[in-house]
Amino acid sequence: MPRRDGPRGGDGTGLAGFGRYAGPATLILSSLADGPKHGYALTKDVEEFAGVRLAPGTLYEALARLESQGLIEALEPADRRRPYRLTAAGAAALQAHLDAQRRVTDTGLRRLKANWGTR
């Protein structure tokens with residue numbers, strides 16, 4: 001069976017090359033889908049909607065990777081804070097990644113229900 005690296009975004013990179021950073025990247029892109037945010041606001045938003053606290057090193061490494069791939073862009077600093085926003089390529093990559101994750105989730109839930117009697 002051929003190996004699938006996962007979905008790719010509009011610029012051909014998507015989240016496939018992020019490896020262990022795909023989780024933080026997904027959380028950051030999902031947060032930025034709601035509008036531009038700086039690092040602290042991103043951390044708080046992710047914590048609120050996902051229950052996950054991104055350590056500063058993880059956050060800023062993921063931001064650098066996302067920016068280098070053109071999935072987000074830094075805006076002009078405001079009050080010593082640098083906000084980031086989602087790009088069109090980032091929105092496309094996030095959509096493709098979430099669609100793939102939905103297929104995995106739906107399959108897992110369907111199999112649990114069929115074989116383990118869970119909801």
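The side chain of His38 makes a polar contact with the side chain of Arg81, at 3.4 Å (a polar contact is a pair of N or O atoms within 3.5 Å; within protein, one must be able to donate a hydrogen and the other to accept it, and residues adjacent in sequence count only if both atoms are side-chain atoms). This is a predicted model, in which local features need pLDDT of at least 70 and side-chain atom pairs count only at pLDDT 80 or more, while totals for chains, interfaces and linings use all residues. Residues are numbered from 1 along each chain as its sequence is written, and side-chain values use heavy atoms, with hydrogens and water left out.

- You will find His38 in the loop between α1 and α2.
- His38 counts as buried, because its relative accessibility is 18% (buried means under 20% relative accessible area, exposed over 50%, and partly exposed in between, with a 1.4 Å probe and protein chains only).
- Leaving out residues up to four places away in sequence, His38 touches Arg81, Arg82 and Pro83 (contact means heavy atoms within 4.5 Å).

**Overall layout**

- The protein has four helices and two strands (DSSP runs numbered from the N terminus: H or I of at least four residues for helices, E of at least two for strands).
- Along the sequence, these elements follow the pattern α-α-α-β-β-α.
- Of the 119 residues in the protein, 34% are buried.
- Among contacts with a separation of 6 or more, 49% are between residues 24 or more positions apart.

**Helix α1 and its cover**

- Nine of the 11 residues of α1 are buried, so this helix is largely enclosed by the rest of the structure.
- Those buried residues are Ala22, Pro24, Ala25, Thr26, Leu27, Ile28, Leu29, Ser31 and Leu32.
- Their cover includes α2, α3 (56-68), β1 (72-74), β2 and α4.

**How α1 packs on α4**

- Helix α1 (residues 22-32) and helix α4 (residues 88-116) have axes that come within 10 Å and cross at roughly 120° (axes are lines fitted to C-alpha atoms, for helices over the stretch in contact, and angles run from 0 to 180 degrees between N-to-C directions).
- That angle makes α1 oblique to α4 (under 35 degrees counts as roughly parallel, over 145 as roughly antiparallel, 65 to 115 as roughly perpendicular, and the rest as oblique).
- On the α1 side, Thr26, Leu29 and Ser30 meet Gly90, Leu94, His97 and Leu98 of α4.
- The residues of this contact between α1 and α4 divide into three nonpolar, four polar and no charged (Ala, Val, Leu, Ile, Met, Phe, Trp, Tyr, Cys and Pro count as nonpolar, Asp, Glu, Lys and Arg as charged, and the others, Gly among them, as polar).

- The axes of α1 and helix α2 (residues 39-50) come within 10 Å, with a crossing of roughly 100°.
- The two helices α1 and α2 are therefore roughly perpendicular to each other.
- Leu27, Ile28, Ser30, Ser31 and Leu32 of α1 make this contact with Leu42, Asp45, Val46, Phe49 and Ala50 of α2.
- By class, the contact of α1 with α2 has seven nonpolar residues, two polar and one charged.
- Helix α2 also packs with α3, at an angle of about 110° and with axes 11 Å apart.
- This makes α2 roughly perpendicular to α3.
- Gly39, Tyr40, Leu42 and Thr43 of α2 are in contact with Leu59, Tyr60 and Leu63 of α3.
- The contact of α2 with α3 comprises five nonpolar, two polar and no charged residues.

- Thr87 lies in the loop between β2 (84-86) and α4.
- With a relative accessible area of 16%, Thr87 is buried.
- The Thr87 side chain reaches the backbone nitrogen of Gly90 at 3.0 Å.
- Not counting residues up to four places away in sequence, Thr87 touches Gly70, Leu71, Ile72 and Glu73.

- Most residues other than glycine have a negative phi.
- Asp79, though not a glycine, has a positive phi of about 55°, and its place is in the loop between β1 and β2.
- Asp79 counts as exposed, at 74% relative accessibility.
- Arg80 is found in the loop between β1 and β2, and its phi is also positive, near 65°.
- Arg80 counts as exposed, at 86% relative accessibility.
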